[in-house]
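Please consult the sequence and the structure shown here.

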Amino acid sequence: MATHTGGCLCGAIRYEITGEPVRAAHCHCDDCRKATGASFATNVFFREEDIKITQGTPKRFQADSGDTMTKEFCGNCGSQLFGIGSGSSGIKHVKVGSLDDASFVHPQIEVYTSKKLPFTRLSDDTEHYETSRPR
Ligand SMILES: [Zn+2]
């Protein structure tokens, strides 16, 4: 079974993931933009039990925009690591940039495309949703 590792910029927090992603998505929503400081976020979803923190303790912040989203990040360097949405229990997403090697990730969908910045080009390889993915 594949093992993926990752962590924050300063190295205080490290994690290990066993197993393959449930899905991967680019998210163009305002919260993801603010949290990452980037034009959009690429979120890789795993089963919560497959993610193990091997070093450090992430700080938590709760953002409330309809669904409650808990962000986990490094309190020292500020790197965004994980997100937990109240709408999808047992699933946690990993910010793609925190993975040591993210070459295995293939995003299938883009969500909140109605919020995307004008200069962001949507991929031809993804399905696009104006808001969230239909459940
Ligand atoms: Zn850090």
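## Burial of Gly7

In this predicted model, Gly7 is classed as buried because 22 C-beta neighbours lie inside 10 Å, and a residue is buried if 20 or more other C-beta atoms lie within that distance. Gly7 belongs to strand E1, which covers residues 3–7.

## Contacts of Gly7

When neighbours within four places in sequence are set aside, Gly7 is in contact with Ile13, Arg14, Tyr15 and Ser98.

## Pairing of E7 and E8

Strand E7 (residues 67–73) and strand E8 (residues 80–85) run antiparallel and are joined by five bridges. Within this pairing, Phe73 has Gln80 of E8 as its bridge partner.

Six residues lie between the two strands in the hairpin of E7 and E8, where Gly78 adopts a positive phi near 85°.

## Pairing of E8 and E9

Strand E8 is also joined to strand E9 (residues 91–95), by two bridges and in an antiparallel arrangement. Gly83 is located opposite His93 of E9.

The hairpin of E8 and E9 has five residues between its strands, and Gly90 there takes a positive phi near 85°.

Conventions:
Residues numbered from 1 in each chain as written. Predicted model: local features only at pLDDT ≥ 70, side-chain atom pairs only at ≥ 80, totals over all residues. Helix = DSSP H or I, 4+ residues; strand = E, 2+ residues; numbered from the N terminus. Buried ≥ 20, exposed ≤ 12 C-beta atoms within 10 Å, placed from the backbone. Contact = placed C-beta atoms within 7 Å. Pairing = 2+ DSSP bridges.
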